[in-house]
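Open the model in your viewer and keep the selection tool handy.

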Amino acid sequence: MEETISQFDIGTTNVTITVEDCNGNVEICSTSVNVEDCDAPQLTCPDNFNLTADEFCEASITWDPIDVYDNSGDILTVECDFDNGTLVTTGDYNIACRVQDSTGNNGTCEFNVVVTDTTAPVFTCPTMVNKCNDYGLPYATNLTFFDSITDNCCPQSISMSMEETISQFDIGTTNVTITVEDCNGNVEICSTSVNVEDCDAPQ
């Protein structure tokens, strides 16, 4: 070859090749070598990770810059399903990221983020609940144990259960354990007492 080339860069290179036999007879070939970029860019996504929802039932999905390598040496821009720092609520998020080089080769990678709620319902557990007996009866029903119950993710889906299955409370003092659970299985327990007073005057 007129040009001494051991490797051909991506793109088109013109070459002149001289072919000579043992008697000095020569034939010349002028041609071109076109090297195409067939390699997709390589992306390295972060490992899967978990986040905990905050008091507003949100978490910010944030990750370090994604490493990209392409044989062109160009600086490529990565696009993902979510913007870095996006606020989301509880759930399981599969995030795909992609990049394209100047010749149309596409590279992709994926990672998974799970956002969970670990905050139990919030309320004030009373030391004792005092109530008069139902009129004319030796017990009380329809007790209110908490003024309010709040929860960061599901304040409208709170369940309460008592360790002791009691539908009515006799006059006197009864110890109870109340379990308050939100929609994500977070539990807070209240141990208190119910004091039912005889408020009926003798007749």
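A polar contact here is a pair of N or O atoms within 3.5 Å, one able to donate a hydrogen and the other to accept it. Bear in mind that this model is predicted.

Select Asn 195 in strand E16, residues 187-197. Its side chain makes a polar contact of 3.3 Å with the side chain of Thr 173. Asn 195 is buried, at 16% relative accessible area. Show its surroundings: Asn 195 also touches Met 128, Val 129, Asn 130, Lys 131 and Gly 172.

Next, go to the largest nonpolar core, which has 20 residues. Ile 61, Ile 95, Cys 97, Phe 111, Val 113 and Val 115 have the most contacts inside it. Strands E4 (49-52), E5 (59-61), E9 (91-100) and E10 (106-116) each give two or more residues to this core. A second, separate core has 13 residues, including Phe 123, Phe 169, Cys 190 and Val 194.

Center on Ile 95. Among the residues it touches are Ile 61, Trp 63, Cys 80 and Phe 111.

Now color the sulfurs. How many disulfides are there? The count is six.

- Cys 80 to Cys 97: S to S is 2.0 Å. The link is right-handed, with 105° about the S-S bond. Both cysteines are buried.
- Cys 132 to Cys 199: S to S is 1.9 Å. The torsion is about -75°, so this disulfide is left-handed. Cys 132 lies in strand E11 and Cys 199 in the segment after E16, so the pair ties together parts 67 residues apart in sequence.
- Cys 154 to Cys 183: S to S is 2.1 Å. Cys 154 is buried at 6% relative accessibility, whereas Cys 183 is partly exposed at 45%.

Terms used: Residues are numbered from 1 along each chain as its sequence is written. This is a predicted model: local features need pLDDT of at least 70, side-chain atom pairs count only at pLDDT 80 or more; totals for chains, interfaces and linings use all residues. Side-chain values use heavy atoms; hydrogens and water are left out. A nonpolar core is a set of buried Ala, Val, Leu, Ile, Met, Phe, Trp, Tyr and Cys residues joined through side-chain atoms within 4.5 Å. Buried means under 20% relative accessible area, exposed over 50%, partly exposed in between (1.4 Å probe, protein chains only). Helices (H or I, at least four residues) and strands (E, at least two) are DSSP runs, numbered from the N terminus. Contact means heavy atoms within 4.5 Å. A disulfide is a pair of cysteine sulfur atoms within 2.5 Å. Lists of a residue's contacts leave out its neighbours within four places in sequence.
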